[in-house]
Amino acid sequence: MKITTIGLDIAKRFFHVVCCNKQGWLINKKMLTRAQVLAFFQTHPSCLVALEACATSHYWAREIQQCGHQVKLIPPQHVKAFLIGNKNDYNDALAIAVAANQPHIKSVGIKSIEQQDNQAQHKARELAVRQRTALCNQIRGLIAEYGIALTQGVNNIRKSIPLMLDDEASPLSGAFKAILRQLQSQLTALDTCIEAYSQLIVEAVKRNDICQRVQTIPGFGPMVSSAYFNEVGNGSHYRRGRDVSASLGIVPRQHSSGGKETLLGISKRGNSYLRCLLIQGAKAVVSRAGTKKDKLSQWINRLVQTRGHNRACVAYANKMARMAWAITVSGEDYSAE
């Protein structure tokens with residue numbers, strides 16, 4: 001019987017494959033080592049190959065596509081519903097194959113190498129920011145043990161440390177000042193890393209046509225446009241702008257029953273990093289819209305008056321995502337009219 005769908009459960013060393021026909025019956029199953037995966041798909045007739053959208057899945061999806069197969073990445077939360085029996089690798093692969101043939105389940109877009117490069121820059125910068133925040137909290141906590149309370153904020157800590165090191169009347173001992181100098185050097189090194197990553201992102205945005213056009217929308221800067229490109233790409237994987245905003249969790253949750261529709265707060269699904277950047281960009285636009293008379297500002301001001309500042313920010317973040325998708329797929333720049 002002809003194999004039409006292959007479910008692939010990926011791992012670090014051992015991969016499990018299940019082969020199904022058009023009716024969904026299991027035809028064959030096999031365990032592969034990492035070195036055998038591509039050789040298996042190079043010799044196998046073209047069919048649909050389904051994987052979970054997890055770590056390393058985008059790499060394997062690109063490689064399997066080059067072998068002549070159609071590849072679908074299935075969100076892991078949708079695979080769980082099709083798992084029958086005990087959890088093992090073969091059952092996981094079979095659940096992936098079954099989920100791939102469900103027309104109502106939306107697949108994840110396969111990221112290009114450029115998208116993964118940009119994503120790595122954002123992840124490295126985000127890690128450095130978290131480490132700097134943890135270091136600042138550690139410094140404040142250690143200094144508080146000597147009766148000195150520092151207010152929050154990286155800039156305040158940068159200014160306070162040299163003053164304390166130079167103050168002879170400070171209650172800090174010589175041993176602690178030596179520790180504080182080391183912590184200060186760590187903070188300086190993290191500042192340098194964050195600035196370097198930020199510069200890499202800005203340079204990548206300058207070379208990307210999609211990011212350049214998206215930046216014409218009010219609220220989009222280099223960071224937001226780069227993170228948007230990492231998530232959405234060229235927009236071809238989405239049918240409409242609302243699908244983009246829904247995938248980012250900036251549309252209302254619904255809890256309806258008995259014909260009565262109930263809309264709640266935003267769903268907060270999908271990429272929380274990009275959603276945060278969009279709302280921060282929206283806040284910058286909303287806070288400055290009060291003195292402007294263009295159509296967008298008038299729309300924002302009406303929302304602020306009727307729904308409040310925070311809801312207006314979220315509503316504009318939703319509109320930003322939709323406008324960015326429209327500009328991405330149309331190839332045009334933003335027009336205030």
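How many bridges join strand β1 (residues 5-9) to β2, and do the two run parallel or antiparallel? In this predicted model, 5 bridges join β1 to β2, and the strands run antiparallel. A hairpin of 4 residues connects β1 to β2. Within this pairing, Thr5 has Cys20 of β2 as its bridge partner.

Strand β2 also pairs with strand β3 (residues 26-33), again in an antiparallel arrangement, through 7 bridges. Here Phe15 stands opposite Leu32 of β3. The hairpin formed by β2 and β3 has 5 residues between the strands, and Gly24 in its turn has a positive phi of about 90°. Of the 7 residues of β2 (residues 14-20), 6 are buried, so the strand is largely enclosed by the rest of the structure.

Aromatic rings form a further topic. The count comes to 5 aromatic pairs. Two of the pairs are set out below.

| Ring pair | Centre distance | Plane angle | Arrangement |
|---|---|---|---|
| Phe40 and Phe41 | 5.1 Å | 85° | edge-to-face |
| Phe220 and Tyr228 | 6.1 Å | 80° | edge-to-face |

Phe40 and Phe41 are both buried, and Phe220 and Tyr228 are buried as well. Phe15, which stands opposite Leu32, also belongs to a cluster in which ring pairs link Phe15, Tyr59 and Trp60.

Charged side chains also lie over rings. Lys29 is placed over the face of Tyr90, 4.8 Å from the ring centre. The charged end of Lys319 sits over the ring of Trp299, at 4.4 Å from its centre.

Conventions:
Residues are numbered from 1 along each chain as its sequence is written. This is a predicted model: local features need pLDDT of at least 70, side-chain atom pairs count only at pLDDT 80 or more; totals for chains, interfaces and linings use all residues. Side-chain values use heavy atoms; hydrogens and water are left out. Buried means under 20% relative accessible area, exposed over 50%, partly exposed in between (1.4 Å probe, protein chains only). Two strands pair if DSSP finds at least two bridges between them. Rings of Phe, Tyr and Trp (its six-membered ring) pair if their centres lie within 6.5 Å; planes under 30 degrees apart count as stacked, over 60 as edge-to-face and the rest as tilted. A charge sits over a ring if NZ of Lys or CZ of Arg is within 6 Å of the ring centre and within 35 degrees of the ring normal.
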